[in-house]
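Here is a friendly look at one structure, with its charged pairs and its helix packing in view. Please have your viewer open as you read.

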Amino acid sequence: MLQRAFKKQSVKVWLAASCAVMALSTLSVVPDMGFAQQQRGATAGQGQGGQSGSGGQRGAGGGSSQGLGGIFRDLSDGSTNIETRITRGKGERVIIIIEGDDDSDRPAWAGGSKELNPNRGEGNPSPGTTKGDLYGDLVYLLRNPVTGLPVLDDDGNEQACTNIECTEYASIIDGEVPAGAIEVDFGRTNIMRAPASVTEHSLDEVVSKVFPVDADGNPLPVEITTDESGRLVVDGATIDSPLENYALYVALLSGDISIPGFDPVLLATSALAGAADKTGDITLDFVINVNEISELSTGDLDYYDYTGFSYSRDYDDDADGDGTIDPYTYYYFDTDGTTVLSAELWIDDYLALTNGDLPTATDFAALFAQAADDALEVIELVHTQIHDEKLPGTIE
């Protein structure tokens with residue numbers, strides 16, 4: 001049985017700011033109730049490659065925060081293409097072009113008119129050009145769990161995984177994808193392909209909730225907690241929009257926003273989970289590709305450095321406020337498929353059984369990906385009103 005000495009906390013934020021530049025000038029943080037997961041943020045994230053941020057400022061330091069639209073712009077001058085942009089100097093990256101993507105999570109602007117999506121391609125590309133639809137998915141690669149960078153073969157080729165555990169892999173030679181290579185499924189996180197204006201608008205929505213002001217621009221008090229998965233809850237309302245969570249993820253890791261009382265890198269794990277499909281998985285390849293497409297990096301590095309990130313499973317909570325940690329109650333169908341029964345489980349134990357053991361503490365990139373996947377699993381757990389069957393880890 002895992003240790004359950006974890007205690008949640010929440011904060012009340014009173015913001016005094018210059019509304020024009022969104023710079024935090026004065027702030028007091030008053031401890032209040034409790035929030036899941038973020039308590040350990042007090043020590044996590046140290047040494048994050050300068051990612052301590054700029055005190056809530058947007059557009060200042062902490063890595064690249066360039067808009068996404070430029071990645072998918074018309075690159076007809078031949079100076080570069082999306083493959084080399086995403087590779088960012090680490091060798092060839094294979095992109096599988098998917099024509100007519102009908103993903104059910106595809107946002108409305110992803111197709112349709114040029115007005116809705118100014119970055120969409122127009123028709124089939126002509127030979128020798130890079131025009132056209134550049135929406136595609138990447139393949140799983142053998143990666144270094146510390147940095148997330150691809151592990152190259154002796155000839156400098158990236159190696160594509162041919163099973164999901166990546167215990168089997170084959171080299172990508174001359175851009176040729178080996179048989180059995182597995183594509184990374186981004187699901188609704190394809191929102192990262194939105195025009196930059198869409199992401200900026202979503203971040204503005206988050207800022208207006210977390211740092212509200214009155215009609216005269218004076219800061220208003222706001223209570224910030226988290227839900228069971230670690231997603232932000234502002235005055236009792238969870239920020240659950242995938243676009244807003246994606247925008248928050250990018251802003252947190254780029255240092256464009258900092259929320260007092262929360263470790264930005266740890267908070268980014270739940271923000272990424274809030275942007276992903278509830279029934280999907282967040283893997284190391286998922287995280288690294290999102291970062292590369294979003295142009296997230298640390299300092300002069302061409303990748304985001306998670307060095308110093310720490311995480312442990314501390315999701316169980318004092319649900320009734322009596323000072324003791326309580327198991328989570330869920331509902332499921334009995335074997336007859338119609339009778340609904342209730343049961344209890346420890347969320348930390350449930351995650352250990354469904355997601356497996358955590359990576360070692362020094363496998364920083366892999367640990368970040370697992371933390372995000374844990375948060376995603378908790379979202380699915382608590383959002384499913386009635387489960388199909390009794391869940392792993394149920395207290396008998």
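Lys-390 is partly exposed, with a relative accessible area of 39%, whereas Glu-396 is exposed at 76%. Buried here means under 20% relative accessible area, exposed over 50%, and partly exposed in between (1.4 Å probe, protein chains only).

This is a predicted model, in which local features need pLDDT of at least 70 and side-chain atom pairs count only at pLDDT 80 or more, while totals for chains, interfaces and linings use all residues. Residues are numbered from 1 along each chain as its sequence is written, and side-chain values use heavy atoms, leaving out hydrogens and water.

The whole structure holds five salt bridges, each a side-chain nitrogen of Lys or Arg within 4 Å of a carboxyl oxygen of Asp or Glu. Among them are these:

| Pair | N to O distance |
|---|---|
| Arg-231 and Asp-227 | 2.9 Å |
| Asp-374 and Arg-313 | 2.7 Å |
| Glu-396 and Lys-390 | 3.6 Å |

Arg-231 and Asp-227 are both buried, and Asp-374 and Arg-313 are buried too.

Now to the helices, which are DSSP runs (H or I, at least four residues), as strands are (E, at least two), numbered from the N terminus. Helix α4 (residues 264-275) has twelve residues. Twelve of the twelve are buried, so α4 is largely enclosed by the rest of the structure. Its cover includes β8 (232-234), α3, α5 and α7 (364-383), with contact meaning heavy atoms within 4.5 Å. In one further contact, Tyr-246, Tyr-249 and Leu-253 of α3 meet Val-287, Val-290 and Asn-291 of α5.

How values were computed. The expected span of a helix is 1.5 Å times one less than its number of residues.
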